[in-house]
Amino acid sequence: PESDEYGISSFIFRSSRPLDSSRFKELTAAMETRGGEHVAQRVIRAKGLVWLATRRSHWQMGMASLAGSSFSIHFGGLWDAALASGIGPLKEDAPYGDRRTELVVIGQDMDHAAVTKALEACIVNDDELAHYDTTTNEELSAYLESLPRDELKDPNRSAEEISVLMKRYNAEVVAPKKKGTQVVTSKPKSIMDLSAHSCIAEFEALSGVSGARVAHFKIHQYMRYAHLFPALASGFVKKFEVSLDVADKQTSLLASKTTDTSLSKYILSDLCTGDKVELEWRQIRVETDSASDDERYVIIEQVITLCKLDAKQEAALLEKWPEPQIMIRKPQGGEGGACG
């Protein structure tokens with residue numbers, strides 16, 4: 001075969017752990033050059049999925065490509081694991097879901113074992129993986145990052161100070177998360193945005209009877225997502241529900257400006273099963289007047305935009321947002337940033 005004559009061969013490199021972005025960048029830089037002694041310089045083509053130990057790669061699949069003397073990673077669609085649970089381990093036997101590296105490597109006179117060893121050296125070690133887990137999954141770490149820096153300066157906190165901090169954590173994070181999504185019926189003392197969602201969705205159905213009616217939407221494509229408070233942010237979702245009998249009152253309590261048509265009236269009179277809509281909502285933590293720590297904070301979802309789309313309008317949005325724009329709150333330490 002011609003491949004034998006010219007010494008062309010290939011193999012598939014797979015990893016179920018993320019790759020260190022710095023080491024991988026150094027390796028791919030060698031792939032971009034020719035004529036040297038580095039084993040990677042025998043690689044002439046590479047393509048496939050890449051999972052890096054970064055916040056952005058935790059959410060989006062990296063599509064890697066080496067063509068000529070240029071190596072690039074394009075972050076496109078979402079991992080199924082990101083859609084399923086937003087952040088965090090999924091199962092003991094597959095704690096990171098479908099996140100993986102699966103790279104086809106093509107080379108000329110290439111030493112498969114040596115190139116494989118060079119790629120394996122990019123895989124994070126146990127300490128690096130623990131750091132990755134901390135920055136992407138650990139709720140307490142995310143909560144601490146959200147606090148003002150002066151609350152975290154002293155590394156020698158007393159047991160009493162730690163106790164107070166953990167009491168706040170339990171009241172502000174653990175308790176509202178256990179309760180799940182609620183509704184507000186009185187003016188809140190304060191609010192905090194946890195996540196913001198902008199999607200193209202399909203109106204599926206109404207369920208329930210008067211007094212307990214729920215509108216069901218299926219998410220077709222995310223356009224934008226902001227991950228603002230990792231300890232409580234929902235992550236990407238596949239379904240969204242609106243409780244019609246409380247939606248209007250909640251909107252009047254939270255919104256500074258509303259339209260003449262109420263949300264419930266618009267859904268009941270203007271939407272039919274199968275209609276495509278532009279749907280935006282915020283996930284919010286609300287502080288109430290309750291004296292009980294367990295009841296003081298609740299999580300709600302507030303619809304910002306709901307607008308029926310015709311085929312032309314849907315096509316225009318898909319053209320504008322061919323892939324979701326993901327914004328992740330920059331940690332206090334300065335690492336990361338939007339889509340970092």
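Which exposed residues does the face of H10 turned away from its buried side carry? They are Lys265 and Ser269. This is a predicted model, in which local features need pLDDT of at least 70 and side-chain atom pairs count only at pLDDT 80 or more, while totals for chains, interfaces and linings use all residues. Residues are numbered from 1 along each chain as its sequence is written, and side-chain values use heavy atoms, with hydrogens and water left out.

**Overall make-up**

- The protein chain holds 12 helices and 12 strands, taken as DSSP runs numbered from the N terminus (helices H or I, at least four residues; strands E, at least two).
- Of its 340 residues, 40% count as buried; buried means under 20% relative accessible area, exposed over 50%, and partly exposed in between (1.4 Å probe, protein chains only).
- Among contacts in the protein chain with a separation of 6 or more, 70% come from residues 24 or more positions apart; contact means heavy atoms within 4.5 Å.

**Helix H10 and its surroundings**

- H10 spans residues 263-270, and Leu263, Ser264, Tyr266 and Ile267 are buried in it.
- Viewed down the axis of H10, these buried residues fall within an arc of 165°, so they line one face of the helix; the arc is that of the directions from the helix axis to the C-beta atoms.
- The cover over the buried residues of H10 includes strands S7 (190-207), S8 (214-227), S9 (239-243) and S11 (297-309), along with helix H9 (244-254).

**Packing of H9 against H10**

- The axes of H9 and H10 are 7 Å apart and the helices pack at an angle of about 140°; axes are lines fitted to C-alpha atoms, for helices over the stretch in contact, and angles run from 0 to 180 degrees between N-to-C directions.
- That angle makes H9 oblique to H10, because angles under 35 degrees count as roughly parallel, over 145 as roughly antiparallel, 65 to 115 as roughly perpendicular and the rest as oblique.
- From H9, Leu244, Ala247 and Asp248 meet Leu263, Ser264, Ile267 and Leu268 of H10.
- By class, this contact of H9 with H10 has five nonpolar, one polar and one charged residues; Ala, Val, Leu, Ile, Met, Phe, Trp, Tyr, Cys and Pro count as nonpolar, Asp, Glu, Lys and Arg as charged, and the others, Gly among them, as polar.

**Nonpolar cores**

- The largest nonpolar core has 36 residues, and those with the most contacts inside it are Phe217, Ile219, Val242, Ile267, Leu279 and Leu306; such a core is a set of buried Ala, Val, Leu, Ile, Met, Phe, Trp, Tyr and Cys residues joined through side-chain atoms within 4.5 Å.
- S8 gives the most to this core, with five residues.
- Apart from it lies another core of 23 residues, including Ala40, Ala46, Leu66 and Leu119.
- Not counting residues up to four places away in sequence, Leu306 touches Phe217, Leu263, Tyr266, Ile267, Leu271, Val277, Glu278 and Leu279.

**Individual residues**

- Ser198 is placed in strand S7 and, at 3% relative accessibility, counts as buried.
- Leaving aside neighbours within four places in sequence, Ser198 is in contact with Gln221, Tyr222, Met223, Arg224, Leu279 and Glu280.
- Gln182 lies in strand S6 (residues 181-182) and is partly exposed, with a relative accessible area of 30%.
- The C-alpha atoms of Gln182 and Ile299 are separated by 5.8 Å, although the two residues are 117 residues apart along the chain.
- Asp109, in the loop between strand S5 (101-108) and helix H5 (112-120), is exposed, with a relative accessible area of 54%.
- Phi of Asp109 is near 50°, a positive value in a residue other than glycine.
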